[in-house]
Amino acid sequence: EEPDMHVDVDVPYIESFMGLTNSLFCFVPRGKSAWSSRFFQTFFAGCIPVILNDRYEPPFGEIVDIPSSTIKWPMAEVKELIAYLRGLRDERPQAVHELREAGRALRCWYAWPPSWVEWSWIDMNRSKFNTTCEHWHSHNAYVAVTRLLAPKATSSRHRFFWKGDGLRS
């Protein structure tokens, strides 16, 4: 039990997100799958993600500077984590500020742009959306995935063969 911490499990989504918005550091523990929505939520909640999974590599590390906005803590040293975070908060407020600002700068890389069906919603809420993700049209998950896949598509163009059906040689 830590007086300045709130840790809970299996809470409703809105309660969980409100907890994130009121936090300076947000834990991102290993989940049940290869990815974790908690990681993405932390950036939009404004807290600093603390990854607690030695094997998890956040997406788009080839495009964005994830260490500038994220703490990835080794599980073998988890007992020292709370003291480290308190020390960071109390003794290095500028470093905390820089981590948070870096998270704000890259958060939109983890947002998918709206589909054509949702454009009317965007038109109605343009000012709020542009405030959150000013460069959403060029810094978003779709652009990131496209950038990462483009070299693979080019390098694998001639690796496929169609033998046996008589249509391609």
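Reader: How many salt bridges does the structure hold?

Author: A salt bridge is a side-chain nitrogen of Lys or Arg within 4 Å of a carboxyl oxygen of Asp or Glu. The structure holds three of them. This is a predicted model, in which local features need pLDDT of at least 70, side-chain atom pairs count only at pLDDT 80 or more, and totals for chains, interfaces and linings use all residues. Residues are numbered from 1 along each chain as its sequence is written, and side-chain values use heavy atoms, with hydrogens and water left out.

Reader: Which residue meets Lys72 in a salt bridge, and where do the two lie?

Author: Helices (H or I, at least four residues) and strands (E, at least two) are DSSP runs, numbered from the N terminus. The partner of Lys72 is Glu57, with N to O at 2.9 Å. Lys72 belongs to strand β3 and Glu57 to the loop between β2 and β3, so this pair ties together parts 15 residues apart in sequence.

Reader: Are Lys72 and Glu57 exposed or buried?

Author: Buried means under 20% relative accessible area, exposed over 50%, and partly exposed in between (1.4 Å probe, protein chains only). Lys72 has 35% and is therefore partly exposed. Glu57, at 58%, counts as exposed.

Reader: What about the salt bridge of Arg89 and Asp90?

Author: Their side chains meet at 2.8 Å, N to O. Arg89 is partly exposed at 34% relative accessibility, and Asp90 is exposed at 51%.

Reader: Which residue forms a salt bridge with Glu101?

Author: Arg104 does, the closest N and O atoms being 2.6 Å apart. Both residues lie in helix α4 (residues 93–106), with a spacing of three residues, about one turn of the helix. Glu101 is partly exposed at 35%, as is Arg104 at 36%.

Reader: Where does Asn53 lie, and why does Asn53 count as buried?

Author: Asn53 is in the loop between β2 (48–52) and β3 (71–72). Its relative accessibility is 16%, so Asn53 counts as buried.

Reader: What does the side chain of Asn53 reach?

Author: A polar contact is a pair of N or O atoms within 3.5 Å; within protein, one must be able to donate a hydrogen and the other to accept it, and residues adjacent in sequence count only if both atoms are side-chain atoms. Here the Asn53 side chain reaches the backbone nitrogen of Arg55 at 3.0 Å.

Reader: Which residues is Asn53 in contact with, leaving aside its neighbours within four places in sequence?

Author: Contact means heavy atoms within 4.5 Å. With those neighbours left aside, Asn53 is in contact with Arg30, Lys72 and Met75. Lys72 also takes part in the salt bridge with Glu57.
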